[in-house]
Amino acid sequence: TIVPVKSWGSIENVVKRTVPELGESSHKGSSGRIGVLGGSERYTGAPYYAAMSSLRNGADLAFVFCAEEAAIPIKSYSPELMVLPIYSANNTDVPHMVEQVTDMLDKMHS
């Protein structure tokens, strides 16, 4: 069931319900690993902003699956992003792209 945030009470209760506890076994990625697919030579902003938004909202790792032509610009925007070029304007081998993304899915939460 979905419970409205207003009913959670104090800000302390909101934080307790939304921020995972850090423990001795916590590590980079324990609080969320996100995958974003997109980007081309001309369009690098959307995957960058989507991935950065996930980091700013609590995810620990953000992977960007993009075109080879977009990888360097996206990576240069932020060293926090894990940028994986999986396709190219010259090579649109869809089965290979799908395989590369699905091989990484077990490393993602969303």
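## Aromatic pairs in a predicted chain

Of the 110 residues in this chain, 34% count as buried, meaning under 20% relative accessible area with a 1.4 Å probe and protein chains only, while exposed is over 50% and partly exposed lies in between. This is a predicted model, where local features need pLDDT of at least 70, side-chain atom pairs count only at pLDDT 80 or more, and totals for chains, interfaces and linings use all residues. Residues are numbered from 1 along each chain as its sequence is written, and side-chain values use heavy atoms, with hydrogens and water left out.

The chain has four helices and three strands, in the order α-β-α-β-α-β-α from the N terminus; these are DSSP runs, with helices (H or I) of at least four residues and strands (E) of at least two.

Now to the rings. Rings of Phe, Tyr and Trp (its six-membered ring) pair if their centres lie within 6.5 Å, and planes under 30 degrees apart count as stacked, over 60 as edge-to-face and the rest as tilted. The count by this rule is two aromatic pairs:

| Pair | Centres apart | Planes | Class |
|---|---|---|---|
| Tyr48 and Tyr49 | 5.0 Å | 65 degrees | edge-to-face |
| Tyr48 and Tyr77 | 5.0 Å | 70 degrees | edge-to-face |

Tyr48 sits in helix H2 (residues 45-56) and Tyr77 in helix H3 (residues 68-77), so their pair ties together parts 29 residues apart in sequence. Together, Tyr48, Tyr49 and Tyr77 form one aromatic cluster.
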